[in-house]
Amino acid sequence: MNAVHPPLAVAERSTQDWQAADAAHFLHPFTDFQALARKGSRIITRGDNIYVWDSDGHKILDAMSGLWCVNVGYGQPALIEAATRQMSELPFYNSFFQTTTPPAIELAELLAELTPPQFRHVFFSGSGSEGNDTVVRMVRRYWDLLGQPERQVIISRRNAYHGSTLAGASLGGMSAMHAQGGLPIPGIVHIEQPFWWQLGRGRSREEFGLEAAGWLEQKILEVGAERVAAFIGEPVQGAGGVIIPPETYWPEVQRICDRYDVLLVSDEVICGFGRTGHWFGCERFGSRPDLMTFAKGVSSGYVPLGGVMVGERVARVLIEQGGEFEHGYTYSGHPVACAVAVANLRLMRQLGLVERVREETGPHLAKLYERLKEHPLVGDAETCGLMGALQLVKDKASATPFPEEQQVGMLCRAHCFASGLIMRAVGDRMIVAPPLVITLEQIDDMGRLITHCLDQTWAELREKAWW
Ligand code: PXG
């Protein structure tokens, strides 16, 4: 028989209590369960502005915006009030059976206004993964309705991240994910990513961008254009390590999609809503997508919400020739999520956050990263808006990476945690994507913390005689 424990108030639980209960019951996403149970989770209990606090009271600068999502920072009263108001008015109603709610309509209207002009319609989901599942069903339906049912194949890229559902993980190009569960699903193929530092050194970024886009054309010809439904890509690959493509890449991808009549899907789950200094990453890089997946920043992560912006080319066919689209989620257009998103987007506008990233904070971060290039551990440093990546290397001149088993990125991440900074490691690439409300002074603070953590990592490497 299970012992019955009276519920404990938050303050009465120690960190160890939380960790024990967590290890006993909670299977975390993307986690080695046993390893975490041995170590114990870090329990985050509070957030304000760009900082979070753990259950031991440590203050941490959250340079990852939660998980690339808390664009307006923690504790914004406008979002909290919108949620509270909508919760008491109408916490849930669905948008199936010819009904909907005012917040869902308001958000649809606002998104049509904020997104590029080809977008006038939205399909809501609860997450980015569900948004990308919607994309797969929608583009295949589109070609079906146009009498080209053989156009089924979707081209994506290696090291892309498009979510964790069956379709999302299949679209993604993470080999470790494909290895678990027989992925990708049929009809999804991958090309190489536009990662200049890894694949293109020795030629100019511009030349390499054209070459990388050319891989799309090669794949279309290999599959047969009459079988290709769409190409999907993140403007900047986020989870893959903030891989910023050369300026020539997206315009050339657009030209190729146009040439072969292939739909272009921009996965804006990370790049959308100001991250690149533009409302959407496709506007920064010069593509004109037919569909756009979004999530995360739309509600600043305060409540789960995602969806797909559907361009007029696709929307007109679905609306005028489609009949019923047999697809949808209980939480498509959830009123509380939509009310929070409306408050979030209005706040972003009111604070001029997108312009601030483009004109002030983004350029300031770029200057900081120019200086970080000087550090002996840093082989390359690049930024786009408020995303930054530092490539840690064993030898700068020859761009020699560290042996994989040394896990230098993880060593660095541990120093960050210990120093009150959340910076993410993707292999040996250290990445940041701070809340868009970060100030110039706070970027300087972050810079000092990053430098300190790089110094600590360097010292540890020398101690271990790995340097
Ligand atoms: N597309 C992109 C571009 C993403 O970054 C998804 C889709 C899926 O969204 P949902 O809401 O279903 O998680 C994402 C999610 C990381 C990390 O480690 C990144 C994401 C999720 C979890 C971890 O950087 N991005």
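The C-alpha centres of domain 1 and domain 2 lie 26 Å apart. The bounds are 15-75 + 353-463 for domain 1 and 78-351 for domain 2, taken from an automatic or database domain assignment. Both domains give residues to the shell around the ligand, so the ligand lies between them. This is a predicted model, in which local features need pLDDT of at least 70 and side-chain atom pairs count only at pLDDT 80 or more, while totals for chains, interfaces and linings use all residues. Residues are numbered from 1 along each chain as its sequence is written, and side-chain values use heavy atoms, with hydrogens and water left out.

**Between the domains**

- In domain 1, 38 residues are in contact with 38 residues of domain 2 (contact means heavy atoms within 4.5 Å).
- About 2,900 Å² is buried between the two domains, and carbon and sulfur atoms give 63% of this area; buried area is the accessible area (1.4 Å probe) that two parts lose on being put together, summed over both.
- Trp68, Val354 and Met387 supply 21% of the area that domain 1 buries against domain 2, more than any other three residues.

**Around the ligand**

- The ligand is surrounded by 16 residues, the closest being Trp68, Gly128, Ser129, Asp267 and Arg424; a residue belongs here if one of its heavy atoms lies within 4 Å of the ligand.
- The side chain of Trp68 has an N or O atom 2.8 Å from an oxygen atom of the ligand, a polar contact (a pair of N or O atoms within 3.5 Å).
- Taken alone, the ligand exposes 540 Å², and the protein buries 83% of that (Shrake-Rupley method, 1.4 Å probe).
- The elements giving two or more residues to the shell are α3 (65-68) and α6 (128-145); helices are DSSP runs of H or I with at least four residues, and strands are E runs of at least two, numbered from the N terminus.
- With 3 residues, α6 gives the most to the shell.

**Backbone details**

- Most residues other than glycine have a negative phi, and most peptide bonds are trans.
- Leu183 and Pro184 are joined by a cis peptide bond, with omega about 0 degrees; Pro184 is in the loop between α8 (175-178) and β6 (188-191).
- Gln98 has a positive phi, near 60 degrees, and is found in the loop between α4 (77-89) and α5 (102-114).

Notes: Polar contact = N/O pair within 3.5 Å; in protein donor to acceptor, adjacent residues only side chain to side chain.
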